[in-house]
Amino acid sequence: MCRFLRYCVSHCLRATLTRARELSRELGMRSSARWLGYLSRLVLLVALCLGLYARWERTAQAAPLVVLVSTLLFAGAAAVTHFYFSAERLSLRLLHLLFGFLLGLQCLLDGAAARSDAKARAADYLLAASAALGALRALLERLFGCAAYRPAFLTPAEGLELLGFAGAAWLAAEPPSVTVLAAALAALLVALRMKVLLAPFNLVCFVVVAAVWIFEPPNISGNPVALACFFARLVCDPLLDFYFSGLSVTERWQPLLARNGPWRKLSLLPHVMLEVTFVIVAALRLRDLDRWYLRIPGFVFFGFSWAAYQMMFVHTAWSFHTKLSECQRLCLSQGSGVSGLNKVMASKGMRLFCLIAEGPVKILMISTIAVAAICWQASSSLFLSILLLVLPLQSLFHGLFHELGGNLGGTSVGYAVVIPTFFCSLDGQPTLLPPGQVQELNERSTGMLSSVQRFFAHHVIETFGCDYSTTGVTRDALRAKIQSLFELRTADGPRYDTYVIFYSGHSHHSGEWALAGGDTLGLDQVLQWWKQTNGSSRSRLIFVLDCNHSSPWVEEAKRAEGLYVAVQAATLSLVTDVERPEPPQLGDFTSRWVEYNCNPNSDIQWSERDRSVSATYGVSRHWSDYALPLPTGSDLGTYWRMHFPRMVGVLAPGSWGRSDGLDVWGLCSLPLRYLRRLKLNWFPPAVLDTGQGFKLVRS
């Protein structure tokens, strides 16, 4: 037996040294951090084995010796799997499961009595050194850009160590509260990795409650050094990711956003059961009649509030999953997959929905904390563990709604009109092209409409209509169409955040559109219609013009007061080069501008000199003040009446999410607002991002 063990150890050391010599030539920061992680695991394994040996020596029981021998055999099998079969992932997962199990035994079985043993103290020092090496490895990986950030709630290592810890608690005959506490730690890790707004608060609560009440007599006695090592090993990576991770909101939440709708909705069932269990366990405190005159009325009041907001939360979460399923189906139909989910959710009004949904979750958390404070049970580890599990889960929903509400783009709707006329008679009436050029005109106009539809589809802009007329459009017909566009609202009731109008056709030198019957249409008239329908809302109006004389609209847009208006215009230059006799035509700007905004790999450079087709834009004076509107009181009231009964209407004011109102920060930021206005008006950038996925450009 000893000869066999010597043979295995010698071959494992030989393979390790051989692998080290192979990697020494390519030694860099990535490999250094990797080997630092290997050293941390080796020190941890030695510490755990030493702790088991010290316990066997102190208690003279056979169980620690059996576990020690099994640990050595298990570690040897993992090493053979790693070096001989090149199954690195499998071996590391086996080791993490082993580490979680052994750390659980070390935490729960070695109490204060073991601190007087020299070997036990040496094991504690090694555990602290292992945790320090692991933290150093994680920090170096992120400082030198060696860490790989992947969208995941928990890594396999974290899940296996938590599973091993729960198995050790079951083997040590500990109460169910230890298993619930392991689940609470898992929820905390997810909250940190998702960068949830309340994750630091949950981290502080977990540390304080676990250290002061749970792992203190008469609840659970354990080894504080081993508990700190286990906690530090798991929390270090998510805590550093909370600062260093560069994943976007949709990338971080991809494990949830990409999951099928039925599974997401079914996940609400165990969550609600857990919440109800928490209230039942908290109500057990009412059996103690100490200060019953305060505790019972307080529990009834906050319990009713908790029940009402719990109902609101379940309905809100269910509606969110339903809307998300609709967005997923639209992404699949467009072939964009998860990558285009961000734009689809923005177009479907998910931003406003999340802003409203954030309020009920926030008040639910306050009600949960109030119920826990009234029914506080310091001697019940089960109550404390369930509380530490419920709070991170509620924080996850709050963080999801908060981040989607703050990062998704707004809704938008667009209308396009193409009038293929080029010359104008003396009386101002648009005249059709000669019959010989009708076919070329039709092809160019059809291509222009296709480009506009591509632009609307790529940026998920709701299409109100794309009108094409070879005989011109009357002023009354165009007015009715534009006013209908301005009155359009989303399916949930609020106005669209951005309205886009595309026009291509003949225009006079003054910039007015040439319409049928000698009528004209200028920007001032359109803005009057916009003021009548827009009212006090904070929507934007963007024009995209592909016509001969669009510069006057740009200058007039710059003088607009109190509105958020932008004009993207084209300039067709006269061709003076004899080698390029073909002049630019209407539609050339549209095709290039759409290609620039729809193809991220486009090589179009609008800043090039001597361009035959150039671009310019103008924005109103207050354009830089624009921010996506928050839900108004009418929006919140409409949502409340549509989804909730009147019996809980008294709770409506307290459940609102972020809404329009007195913004103290807005008052303090007035100087910055004026500076942004001056910068945009005096030094406009060559490329202006609208925040809807497309950009305005100027040559």
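Modeller: This is a predicted model. On its surface, Leu-289, Trp-292, Tyr-293, Leu-294, Ile-296 and Val-300 form a nonpolar patch, with about 650 Å² of accessible area together.

Biologist: What makes these residues a patch?

Modeller: A residue counts towards a patch if its relative accessible area is over 30% and it has no salt bridge, and nonpolar side chains are joined within 5 Å. Leu-289 has a relative accessible area of 56%, so it passes the 30% cut-off.

Biologist: Why is Leu-289 called exposed?

Modeller: Exposed means over 50% relative accessible area. Leu-289 has 56%, and is therefore exposed. Leu-289 is found in the loop between helix 13 (268-283) and helix 14 (292-334).

Biologist: Asp-625 also lies in a loop, between strand 10 (613-619) and helix 23 (633-643). Why is Asp-625 called buried?

Modeller: The cut-off for buried is under 20% relative accessible area. The value for Asp-625 is 14%, so the residue is buried. Leaving aside neighbours within four places in sequence, Asp-625 is in contact with Arg-538, Tyr-564, Arg-673 and Arg-677.

Biologist: How do you know that helix 7 has a length close to the expected one?

Modeller: The expected span is 1.5 Å times one less than the number of residues. Helix 7 (residues 176-193) has 18 residues, and its first and last C-alpha are 26 Å apart, close to the 26 Å expected. Helix 7 is followed by Lys-195, whose phi is positive, near 55 degrees.

Biologist: Why is strand 1 called largely enclosed?

Modeller: Strand 1 (residues 412-418) has 7 of its 7 residues buried, so the rest of the structure largely encloses it. Ser-412, Gly-414, Ala-416 and Val-418 point one way, Val-413, Tyr-415 and Val-417 the other way, and all are buried. In a regular strand, side chains alternate between the two faces of the sheet.

Biologist: How do you know that strand 1 pairs with strand 5 and with strand 4?

Modeller: Two strands pair if there are at least two bridges between them. Strand 1 and strand 5 (residues 498-504) have 7 bridges, so they pair, in the parallel sense. Strand 1 and strand 4 (residues 462-468) have 6 bridges, so they pair too, again in the parallel sense. Gly-414 stands opposite Val-500 in strand 5, while Ala-416 has Cys-466 in strand 4 as its bridge partner.

Key:
Residues are numbered from 1 along each chain as its sequence is written. This is a predicted model: local features need pLDDT of at least 70, side-chain atom pairs count only at pLDDT 80 or more; totals for chains, interfaces and linings use all residues. Side-chain values use heavy atoms; hydrogens and water are left out. Patches are made of residues with over 30% relative accessible area and no salt bridge: like charges are joined within 9 Å, nonpolar side chains (Val, Leu, Ile, Met, Phe, Trp, Tyr) within 5 Å. Accessible areas come from the Shrake-Rupley method with a 1.4 Å probe; for residues, only the protein chains shown count as cover. A salt bridge is a side-chain nitrogen of Lys or Arg within 4 Å of a carboxyl oxygen of Asp or Glu. Helices (H or I, at least four residues) and strands (E, at least two) are DSSP runs, numbered from the N terminus. Buried means under 20% relative accessible area, exposed over 50%, partly exposed in between (1.4 Å probe, protein chains only). Contact means heavy atoms within 4.5 Å.
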